[in-house]
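Keep the viewer open as you read.

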Number of protein chains: 2
Amino acid sequence: MSRQALPEGWQPPTFGDVQAAARMLSGRVHRTPVLTCAALDEILGGQIFFKCENFQRIGAFKARGAMNAVWSLGEEAAARGVATHSSGNHGAALALAARSRGVPSWVVIPEDAPQVKKDSVAREGATVVSCRPGLAAREEGLGRIVSETGATLVHPYDDDRIIAGQGTAALELMADVPGLDLILAPIGGGGLISGTAIAAKGLDPALQVVACEPAGADDSRRSFVAGRRVPIESPQTIADGLRATIGVRNFAIVTEMVDDVVTVTEEGIVEAMRFVWERLKIVIEPSSAVPVAAMLEGACRPDGRSVGVILTGGNLDLEALPWG
Amino acid sequence: MSRQALPEGWQPPTFGDVQAAARMLSGRVHRTPVLTCAALDEILGGQIFFKCENFQRIGAFKARGAMNAVWSLGEEAAARGVATHSSGNHGAALALAARSRGVPSWVVIPEDAPQVKKDSVAREGATVVSCRPGLAAREEGLGRIVSETGATLVHPYDDDRIIAGQGTAALELMADVPGLDLILAPIGGGGLISGTAIAAKGLDPALQVVACEPAGADDSRRSFVAGRRVPIESPQTIADGLRATIGVRNFAIVTEMVDDVVTVTEEGIVEAMRFVWERLKIVIEPSSAVPVAAMLEGACRPDGRSVGVILTGGNLDLEALPWG
């Protein structure tokens, strides 16, 4: 499933592709609300606009890309179903998208994924295939399924239609909040941030886009600095949605269009998550807290600017909160 | 501070009083969003519309009543400040309202109130006066402050302007969701439910209003059945906002205008709270979960109806969650 080089002649998705995805998604995913918090603006020193993808279908932005990918398939391919590996949100999203089109789906999930994410995949109607942790075991399980069923493999992030679909969150955010100076989003495999950058730069080339990453899973930061993909062996972070290695297409887009990649500490992530729960009264998962941590820790200060933040999801085990 | 009989010639606040309060509150409190959840509608069997007062200023609907009470005072009385006793949300609300008018406030808080509520009162600029738990200690502390400062006592619920202010949440909900069949709200002292009933019946006499109460603090249910106020000695419930005894004015309004008072178990409250956190991805405090518990436990089933639910607040200690 992982690619090591760009396909020959590959061109990144365009602003028009993100707009087309937005038309495809209309009525199929939620147009999520944008929340603000005056007390928080005062603390952070800026106007912060939170795009609440935790309220999205399946509880995460991943519904956007998966829906775009599944509904873009031809009839014949769609009928054979779709398959992926995922630690959770992409799996649930793909299952939802497949169900919405009436086709089967298979999701390979590592056994150490949060129970709430496994339940969510099963609830959406996918056939769940458990595997040992680690990319090799995931890919082996997925390869077997694809060869047995003829299902189309839908990569969680290194895929043009996924990238275009994820970009629709930023498109809505910019429509609801004209004049943003900066958009912050987390980076794991890079599906969201690459779609976000295409949408943002397409509408306003001066709009800054900054990717936020846990220091314990900082392959994107290292890759951004080195100018080539630098995978890390065993990423360590509570932000379970951000442990993936940046994809080949995603890295190409990030290199070209993202203004900076910044990192945050684990303590910062937990504090930011708690801050959002207490002040905004919404439930976000650790990955969503990473851009908030970047503002609180100072890796990317608002400095009086209008800042859009994509809160990516709200799926986590409520029994195992990282405080108390 | 507690009254044992209605003032002579007292008439309850009218629908017009709630409308006037809504004008007074415009720009001073948030018009909170209404959330829905398709998965939840399917489970509960109805269309449920959640009025999110957990997103209100100070994190609870109490900002409405307090703001209406403080801004309704004459100049001279306002200048001497306001005082109350409160286990938290009303105290923070009164402090906020006083600060917004530039006048002082004093809040007597029992020492066993959640820390997050005490912090919230202090953050809003009130002078916090700690007292032992129990109504007698609260009233003694408050009486001393009023006699020393000349501050106006603003009762948390047994007060016409508080009642009219709290009714504005239902007014907004009905404007956003025409054709509701039923509104559910929790009942503690009865400020919210009496304002809600005045607003609902004023707009549509056929709209049902049901008060929801923890079985461990069921003085309102007992009073509703007996036709007279029946205080209970030591209410036991996790819903710390609902331990108060129903007020004299509130009881008169509930008797006349509320269709039923139903009770829920403690386990039901915890499960409902968790259900809302997991499915709606929002943080609500235990008191807010009481009407949701009434739907889940069957004390008040949606039965295919359009149901408005007032989620009253989102202030609680995140370290001490009732699960895990």
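Predicted model: local features only at pLDDT ≥ 70, side-chain atom pairs only at ≥ 80, totals over all residues.

Buried would take 20 or more, and exposed would take 12 or fewer. If you skip its neighbours within four places in sequence, Asp259(A) is in contact with Gln208(A), Val209(A) and Val210(A). For a sense of scale, pick Ala39(A) as well: Asp259(A) and Ala39(A) are 220 residues apart in sequence, and their C-alpha atoms are 28 Å apart in space.

Now step back into the helix on one side of that loop. In H11(A), the buried residues are Arg249(A), Asn250(A), Phe251(A), Ile253(A) and Val254(A). What do the buried residues of H11(A) pack against? Their partners in chain A are helix H8 (160-176), helix H9 (191-203), strand S8 (208-214) and helix H10 (219-226).

One of those pairings is worth a look in the other copy. Two packed helices are described by the angle between their axes and the distance between the axes. In chain B, the axes of helix H9 (residues 191-203) and helix H11 (residues 248-257) come within 9 Å and cross at roughly 40°. That angle makes H9(B) oblique to H11(B). As for handedness, H9(B) passes H11(B) in a left-handed crossing. On the H9(B) side, the contact is made by Gly191(B), Ile193(B), Ser194(B), Ala197(B), Ile198(B) and Lys201(B), while H11(B) brings Asn250(B), Ile253(B), Val254(B) and Met257(B). Sorted by class, the residues of this contact are 6 nonpolar, 3 polar and 1 charged.

Back in chain A, H8(A) has another packing to show. Helix H1 (residues 15-25) of chain A packs with H8(A) at an angle of about 85°, and their axes are 8 Å apart. H1(A) and H8(A) are therefore roughly perpendicular to each other. From H1(A), Asp17(A), Val18(A), Ala21(A), Ala22(A) and Leu25(A) meet Ala164(A), Gly165(A), Gly167(A), Thr168(A) and Leu171(A) in H8(A). By class, this contact of H1(A) with H8(A) has 6 nonpolar, 3 polar and 1 charged residues. Over in chain B, the axes of helix H1 (residues 15-25) and helix H8 (residues 160-176) come within 8 Å and cross at roughly 85°, which makes H1(B) roughly perpendicular to H8(B).

While you are in chain B, find Ala38(B), in helix H2 (residues 38-44). Ala38(B) has 10 other C-beta atoms within 10 Å, so it is exposed. Ala38(B) and Ile48(B) are 10 residues apart in sequence and 8.9 Å apart in space, C-alpha to C-alpha.

Most residues other than glycine have a negative phi. Lys281(A) has a positive phi of about 60°, although it is not a glycine. Where is Lys281(A)? Look in the loop between helix H12 (266-280) and helix H13 (286-297) of chain A. Lys281(A) counts as buried, because it has 24 C-beta neighbours inside 10 Å. In chain B, Lys281(B) likewise has a positive phi of about 60°, and with 24 C-beta neighbours inside 10 Å it counts as buried.

Finally, the copies themselves. A rotation of 180° with 0.0 Å of shift along its axis superposes chain B on chain A, with an RMSD of 0.0 Å. That is the relation of a two-fold axis. Which residue of chain B comes closest to the rotation axis? The answer is Ile282(B), whose C-alpha is at 2.0 Å. The contact takes 15 residues from chain B and 15 residues from chain A. The side of chain B that touches chain A has 7 nonpolar, 4 polar and 4 charged residues. Because 100% of the interface residues of chain B are also interface residues in chain A, the copies meet through the same surface.

How values were computed. Residues numbered from 1 in each chain as written. Chains lettered and ligands numbered in written order. Least-squares fit on C-alpha atoms with pLDDT ≥ 70 in both. Contact = placed C-beta atoms within 7 Å. Nonpolar A, V, L, I, M, F, W, Y, C, P; charged D, E, K, R; others polar. Axes fitted to C-alpha atoms, helices over the stretch in contact; angles between N-to-C directions. Helix = DSSP H or I, 4+ residues; strand = E, 2+ residues; numbered from the N terminus. Parallel < 35°, antiparallel > 145°, perpendicular 65-115°, else oblique. Left-handed = near helix turned anticlockwise from the far one by under 90°.
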